Amino acid sequence: MAYRKLGRTSKHRKSMLGTLTKQLVMNESIVTTETRAKEVRKFAEKMVTYGKDGSLVARRKALAMVHNDNTVVTKVFDVLAKRYETRNGGYTRILKMDERRGDDALMVTLALLPEEVKEKTEKKPKKEASK
């Protein structure tokens, strides 16, 4: 699996991505650079997938991803897993913003999708073409 190094050592990168994932889960949206957001999205998707699994092994893997922060894992397993139980992936959204003033890095908002809106199942009858 290809990944971005983000100009950091592996320990620093793993710590940074875990922290950004924690903040995303707790606040449900974060503002960061585009490249970081694309990497954090992978972690967040895995966290929600672990939450949907619900097993003890999945809970331990999720705890390892977010530095043993039990409040984050509890939210993932109790709240987010129920929110996305009918969805097969695609739990996050990246919205582009302006460039950062200091170095022109493209800033984005990475957000968890809100609860799904149930659409009306009523469909208008199709008009038949008369010949």
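Analyst: Fine. This is a predicted model. A place to begin is Thr 21, which sits in helix H1, residues 10–27.

User: Is Thr 21 buried or exposed?

Analyst: Thr 21 is buried, because its relative accessible area is 1% and the cut-off for buried is under 20%.

User: What does Thr 21 touch, leaving out residues up to four places away in sequence?

Analyst: Thr 21 touches Val 40, Phe 43, Ala 44, Met 47 and Val 66. Phe 43 and Met 47 turn up again on the H2 side of the contact between H2 and H3.

User: OK, then the helix pairs. How do H2 and H3 cross?

Analyst: H2 covers residues 34–53 and H3 covers residues 56–65; their axes come within 8 Å and cross at roughly 155°. That makes H2 roughly antiparallel to H3, since angles over 145 degrees are counted that way. The crossing is left-handed.

User: Which residues make the contact between H2 and H3?

Analyst: From H2 there are Phe 43, Lys 46, Met 47, Tyr 50 and Asp 53, and from H3 there are Ala 58, Lys 61, Ala 62 and Met 65. By class, this contact has six nonpolar residues, three charged and no polar.

User: And H3 with H4, at what angle do they cross?

Analyst: The axes of H3 and H4, the latter being residues 70–83, cross at roughly 135° and come within 9 Å. H3 and H4 are therefore oblique to each other. Their crossing is right-handed.

User: Which residues of H3 and H4 are in that contact?

Analyst: H3 gives Ala 58, Arg 59, Ala 62 and Leu 63, while H4 gives Asn 70, Val 73, Thr 74 and Phe 77. They divide into five nonpolar, two polar and one charged. Ala 58 and Ala 62 are also in the contact of H3 with H2.

User: Back to H1. How do H1 and H4 cross?

Analyst: The axes of H1 and H4 come within 10 Å, with a crossing of roughly 45°. H1 and H4 are therefore oblique to each other, and the crossing is left-handed.

User: Which residues are in the contact of H1 with H4?

Analyst: On H1 they are Lys 22, Val 25 and Met 26; on H4 they are Thr 71, Val 72, Lys 75, Val 76 and Leu 80. The count by class is five nonpolar, one polar and two charged.

User: Change of topic: loops. Which loop holds Glu 28, and what is its phi?

Analyst: Glu 28 lies in the loop between H1 and strand S1, residues 29–33. Its phi is positive, about 65°, although Glu 28 is not a glycine. At 23% relative accessibility, Glu 28 counts as partly exposed.

User: What about Asp 104?

Analyst: Asp 104 also has a positive phi, of about 60°, without being a glycine. Asp 104 is found in the loop between S2 and S3. It counts as exposed, because its relative accessibility is 57% and the cut-off for exposed is over 50%.

User: Where is Arg 100?

Analyst: Arg 100 is in the loop between strand S2 (92–99) and strand S3 (106–112). Its relative accessibility of 36% makes Arg 100 partly exposed.

User: What does Arg 100 touch beyond four places in sequence?

Analyst: Arg 100 touches Thr 33, Ala 105 and Met 107.

User: Now zoom out. How many helices and strands are there in the chain?

Analyst: The chain has four helices and three strands. Along the sequence the pattern is α-β-α-α-α-β-β.

User: What share of the residues is buried?

Analyst: Buried residues make up 35% of the 131 residues in the chain. The accessible surface comes to about 9,400 Å², and 50% of that belongs to carbon and sulfur atoms.

User: How much of the contact count is between residues 24 or more positions apart?

Analyst: Such pairs account for 59% of the contacts with a separation of 6 or more.

Key
Residues are numbered from 1 along each chain as its sequence is written. This is a predicted model: local features need pLDDT of at least 70, side-chain atom pairs count only at pLDDT 80 or more; totals for chains, interfaces and linings use all residues. Side-chain values use heavy atoms; hydrogens and water are left out. Axes are lines fitted to C-alpha atoms, for helices over the stretch in contact, and angles run from 0 to 180 degrees between N-to-C directions. Helices (H or I, at least four residues) and strands (E, at least two) are DSSP runs, numbered from the N terminus. Angles under 35 degrees count as roughly parallel, over 145 as roughly antiparallel, 65 to 115 as roughly perpendicular and the rest as oblique. A crossing is left-handed if the near helix is turned anticlockwise from the far one by less than a right angle, and right-handed if clockwise. Contact means heavy atoms within 4.5 Å. Ala, Val, Leu, Ile, Met, Phe, Trp, Tyr, Cys and Pro count as nonpolar, Asp, Glu, Lys and Arg as charged, and the others, Gly among them, as polar. Buried means under 20% relative accessible area, exposed over 50%, partly exposed in between (1.4 Å probe, protein chains only). Accessible areas come from the Shrake-Rupley method with a 1.4 Å probe; for residues, only the protein chains shown count as cover.
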